[in-house]
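The following exercises concern a single protein model and are each followed by a worked solution. Please study the sequence and the structure before reading on.

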Amino acid sequence: MGTANDSSKDISDRLAEKHPKVVFVLGGPGSGKGTQCEKIVQHFGYTHLSAGDLLRAEKNSGSENGIMIQNMMNEGKIVPSEVTIKLLQKAMLDSGNDKFLIDGFPRNEENRAAFEALTKIEPEFVLYFNCPEKEMERRILNRNQGREDDNIETIRKRFKVFLESSLPVIEYYKGKGKVREIDAAKPVEEVFEEVKDIFNPKVPKVPKDENVEGRCMCCAIL
Ligand SMILES: Nc1ncnc2c1ncn2[C@@H]1O[C@H](COP(=O)(O)OP(=O)(O)OP(=O)(O)O)[C@@H](O)[C@H]1O
Ligand SMILES: Nc1ccn([C@@H]2O[C@H](COP(=O)(O)O)[C@@H](O)[C@H]2O)c(=O)n1
Ligand SMILES: [Mg+2]
């Protein structure tokens, strides 16, 4: 189990031994990342780690970074990468799983580069929930989970940070052919249908009686 005294090299080395499989889950505030991650966990056995949830827990734990985290969140700003990455690494190490959905991270170029340098983990792919701003705003204002940053002033700041700092990260991964983009404006179940196809790609069916020895497989594919 990770402890507060672990050096970042120790943590990184121990995490590397797990050979974790990571999917980054990105999208604007209120696009439905957390909602879809819960469903992916149930269907595909991943562990869901929300960077925002980890930071909120750290803030509430009375840690020395608590006030700084609270101030950054209230302004919709991105907390320094070393803080967030340490929380993510510890959560991955403490988990018995080796498959992770990392939700809301990397949120800017600093997050991305620091995670890559420290962990050497390359995501399998990046799930991007694309949703119009008006719909995201409507969803957040109806969320009612008592989040301090779910007020219209902070929401507008979060949208600005998403456009200026997070979209370039998505573009970076697009350039590497890693982005799986989802139309997130649809109802929850319809969005999940698209998500399922990504985690469970449809393979061409080969009828049993056609799959006979000596027959070329590519001719038998329907
Ligand atoms: N496809 C959808 N249609 C309508 N409402 C949705 C949809 N997906 C999620 N919601 C609702 O919208 C709100 C925001 O969803 P969620 O918390 O999953 O977003 P998020 O992307 O994790 O947001 P944040 O970045 O602020 O954490 C929640 O109240 C959720 O129930
Ligand atoms: N990589 C990150 C992720 C989040 N934050 C801060 O947390 C706030 C809430 O994030 P959600 O994903 O739960 O919406 C976000 O506005 C940031 O202040 C961060 O700093 N770094
Ligand atoms: Mg969320």
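A crossing of two helices is called left-handed if the near helix is turned anticlockwise from the far one by less than a right angle, and right-handed if clockwise. Helices (H or I, at least four residues) and strands (E, at least two) are DSSP runs, numbered from the N terminus. The model is predicted: local features need pLDDT of at least 70, side-chain atom pairs count only at pLDDT 80 or more, and totals for chains, interfaces and linings use all residues. Residues are numbered from 1 along each chain as its sequence is written, while chains are lettered from A and ligands numbered from 1 in the order in which they are written.

**Exercise 1. Describe how α5 and α6 cross, and state which residues meet.**

Step 1. Axes are lines fitted to C-alpha atoms, for helices over the stretch in contact, and angles run from 0 to 180 degrees between N-to-C directions. The axes of α5 (residues 81–94) and α6 (residues 109–119) come within 10 Å and cross at roughly 50 degrees.

Step 2. Angles under 35 degrees count as roughly parallel, over 145 as roughly antiparallel, 65 to 115 as roughly perpendicular and the rest as oblique. The helices α5 and α6 are therefore oblique to each other.

Step 3. The crossing of α5 and α6 is right-handed.

Step 4. Two residues are in contact if their C-beta atoms, placed from the backbone, lie within 7 Å. On the α5 side, the contact involves Ser-81, Glu-82, Thr-84, Ile-85 and Gln-89; on the α6 side, it involves Glu-110, Asn-111, Ala-114, Phe-115, Leu-118 and Thr-119.

Step 5. Ala, Val, Leu, Ile, Met, Phe, Trp, Tyr, Cys and Pro count as nonpolar, Asp, Glu, Lys and Arg as charged, and the others, Gly among them, as polar. The contact of α5 with α6 accordingly has 4 nonpolar, 5 polar and 2 charged residues.

**Exercise 2. Determine the orientation and handedness for α1 with α5 and for α2 with α9.**

Step 1. Helices α1 and α5 have axes 10 Å apart and pack at an angle of about 40 degrees. This angle makes α1 oblique to α5.

Step 2. The crossing of α1 and α5 is left-handed. Ser-8, Ile-11, Ser-12, Arg-14 and Leu-15 of α1 make the contact with Lys-86, Gln-89, Lys-90, Met-92 and Leu-93 of α5. By class, the contact of α1 with α5 has 4 nonpolar, 3 polar and 3 charged residues.

Step 3. For α2 and α9, the packing angle is about 50 degrees and the axes are 10 Å apart. That makes α2 oblique to α9.

Step 4. The crossing of α2 and α9 is right-handed. Among the residues that meet are Thr-35, Ile-40 and Phe-44 in α2 and Val-188, Phe-192 and Phe-199 in α9. The contact of α2 with α9 divides into 7 nonpolar, 3 polar and 2 charged residues.

**Exercise 3. State the strand order of the sheet and identify its edges.**

Step 1. Two strands pair if DSSP finds at least two bridges between them. The open sheet has 5 strands in the order β2-β3-β1-β4-β5, with parallel pairing.

Step 2. The edge strands, β2 (47–50) and β5 (179–183), each pair on one side only. From one strand to the next, the twist averages 20 degrees.

Step 3. Strands β1 (residues 21–27) and β3 (residues 99–103) pair in the parallel sense over 5 bridges. Phe-24 has Ile-102 in β3 as its bridge partner.

**Exercise 4. Which residues come nearest to ligand 1 and to ligand 2?**

Step 1. A residue is near a molecule or strand if its C-beta atom, placed from the backbone, lies within 6 Å of it. Ligand 1 is surrounded by 16 residues, of which Gly-32, Lys-33, Gly-34, Thr-35 and Arg-139 are the closest.

Step 2. The largest share of the shell around ligand 1, 3 residues, comes from α2. By class, this shell around ligand 1 has 5 nonpolar, 8 polar and 3 charged residues.

Step 3. Around ligand 2 there are 18 residues, and Ala-51, Gly-52, Val-79, Gly-104 and Arg-107 come nearest. Helix α3 provides the largest share of the shell around ligand 2, 3 residues. The shell around ligand 2 has 8 nonpolar, 6 polar and 4 charged residues.

**Exercise 5. Locate the cis peptide bond and the residue with a positive phi.**

Step 1. Most residues other than glycine have a negative phi, and most peptide bonds are trans.

Step 2. Phe-105 and Pro-106 are joined by a cis peptide bond, with omega about 0 degrees. Pro-106 is in the loop between β3 and α6.

Step 3. His-19 is not a glycine, yet has a positive phi of about 45 degrees. His-19 lies in the loop between α1 (8–17) and β1.
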